[in-house]
Amino acid sequence: MPAGHGLRSRTRDSFSRPFRKKGTIALTTYLRTYHIGDYVDIKVNGAVHKGMPHKFYHGRTGRVWNITKRAIGVEVNKQVGNRIIRKRIHVRVEHVMPSRCMEEFRLRKINNDKLKTEAKANGQQISTKRQPEGPKPGFMVEAATLETVTPIPYDVVNDLKGGY
Amino acid sequence: MVYVKAQKGKAYFKRYQVKFKRRREGKTDYRARIRLINQDKNKYNTPKYRFVVRFTNKDIVAQITSASIAGDIVLAAAYSHELPRYGLEVGLTNYAAAYCTGLLLARRVLKMLEMDEEYQGNVEASGEDFSVEPADTRRPFRALLDVGLIRTTTGNRVFGALKGALDGGLDIPHSEKRFAGFDKEKKELDPEVHRKYIFGGHVAAYMKTLEEDEPEKYQSHFSEYIKRGLSADGIEPLYKKVHAAIRADPTIKKSEKQPPKEHKRYNLKKLTYEERKAKLIARLQALNSAAGGEDEDDDDDE
């Protein structure tokens with residue numbers, strides 16, 4: 001029998017509920033609110049059959065472009081051939097969770113604004129740019145003895161044990 | 001003892017998935033809760049209020065609640081143990097008391113939101129189906145009935161509380177099918193019968209029959225009523241007075257509570273992390289000083 005390529009083919013594991021997390025869905029998934037422009041992660045909940053995205057979108061992150069009664073419109077990038085298309089799909093809220101991809105950036109923005117206002121008050125010039133990690137600083141190795149090792153000159157006669 | 005093979009071994013416990021806590025306690029029906037709480041996403045943070053009614057053995061709890069991720073927020077609550085303040089001291093868990101509690105909650109919420117002038121509701125309790133008419137300025141306060149785990153049979157006290165809230169002026173989608181007095185065959189509500197239940201007529205009728213037929217049982221069963229001088233005929237006027245008193249002043253009265261008494265502790269108090277670390281350091285120091293003391297003094301072996 002040939003391999004099928006149906007809508008949910010090869011999703012046996014990715015769409016199944018995790019170990020010991022089957023059954024009733026926690027209420028926070030229903031209580032969360034989303035706004036247009038938010039980043040959301042798409043993670044399929046196999047227990048809810050309506051409004052499931054296609055398996056390609058499982059694990060993708062996109063922006064919200066539409067909000068309806070029970071579902072959210074998400075705009076996800078998909079590579080088709082030699083270009084990337086912005087695909088607009090509608091997904092039920094059970095298959096969506098708020099993305100933390102922008103969290104670090106948002107917090108850094110707030111922190112930088114705070115640092116800049118402080119520096120302005122003190123009249124200092126600061127740079128809030130992130131610097132990459134440099135090489136580790138030097139350190140002294142304790143209780144080290146120096147031993148100089150030199151190679152001994154090659155002794156042909158002794159090394160060719162029998163057989164020449 | 002016959003050797004019985006252990007039924008629930010390690011594998012069983014390793015694979016066991018516990019239900020939600022409130023399901024284990026048998027208190028919340030999550031299937032119903034999801035459907036009650038789910039708000040349209042295009043309504044964003046607009047709260048969806050539930051009219052929660054729960055019965056204990058001696059009390060009735062009526063609340064207006066809205067759900068949030070941190071926990072449900074109670075907008076207003078009414079208990080039947082507040083009814084003595086309005087003149088009702090006995091029968092605090094019957095159909096009539098449920099009606100009073102629902103009415104009290106409705107008037108309380110409307111007063112809190114300053115809508116009580118606009119939405120008077122049904123002042124004369126007549127037992128027939130009453131729904132609030134939307135006024136010109138504001139729309140009526142909408143809540144959804146949450147019965148919890150109660151079996152919704154015709155004539156259940158839950159619907160007494162519902163009727164009280166409806167007559168109080170709340171907008172709760174409902175059907176008259178489950179009110180006391182609904183005839184299954186004719187498929188219509190008999191307002192007279194419902195009115196009888198709202199004013200405790202069923203209790204009064206039982207009181208009358210017991211008084212005639214079994215006076216001793218009457219004395220034992222309705223002892224509290226007799227103690228307060230309530231006869232079967234006095235029940236309906238009493239409830240009328242209670243309804244009027246509720247409409248007059250539904251605000252909450254805060255009760256004065258003394259701080260709880262200090263009790264003697266019979267078991268050891270659990271130490272904090274700092275206390276436990278300090279104890280360990282002290283023990284090691286004592287050991288080291290006992291063992292000779294010539295070795296290191298610092299015992300900060302974390």
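A residue is called buried under 20% relative accessible area, exposed over 50%, and partly exposed in between (1.4 Å probe, protein chains only). This is a predicted model, where local features need pLDDT of at least 70, side-chain atom pairs count only at pLDDT 80 or more, and totals for chains, interfaces and linings use all residues. Residues are numbered from 1 along each chain as its sequence is written, chains are lettered from A and ligands numbered from 1 in the order in which they are written, and side-chain values use heavy atoms, with hydrogens and water left out.

Let us begin with the backbone. Most residues other than glycine have a negative phi.

| Residue | Phi | Relative accessibility |
|---|---|---|
| A:Arg10 | about 65 degrees | 64%, exposed |
| B:Glu114 | near 60 degrees | 65%, exposed |

A:Arg10 lies in the segment before α1 of chain A, while B:Glu114 sits in the loop between α4 (95-112) and β4 (144-146) of chain B. Helices (H or I, at least four residues) and strands (E, at least two) are DSSP runs, numbered from the N terminus.

Now for the meeting of the chains. Contact (heavy atoms within 4.5 Å) involves 20 residues from chain A and 19 residues from chain B. How many salt bridges are there between chain A and chain B? The count is 1 salt bridge, a side-chain nitrogen of Lys or Arg within 4 Å of a carboxyl oxygen of Asp or Glu. A:Arg70 pairs with B:Asp40 in a salt bridge, their closest N and O atoms being 3.2 Å apart. On the side of chain A that touches chain B, helix α1 (residues 28-31) gives the most, with 3 residues.
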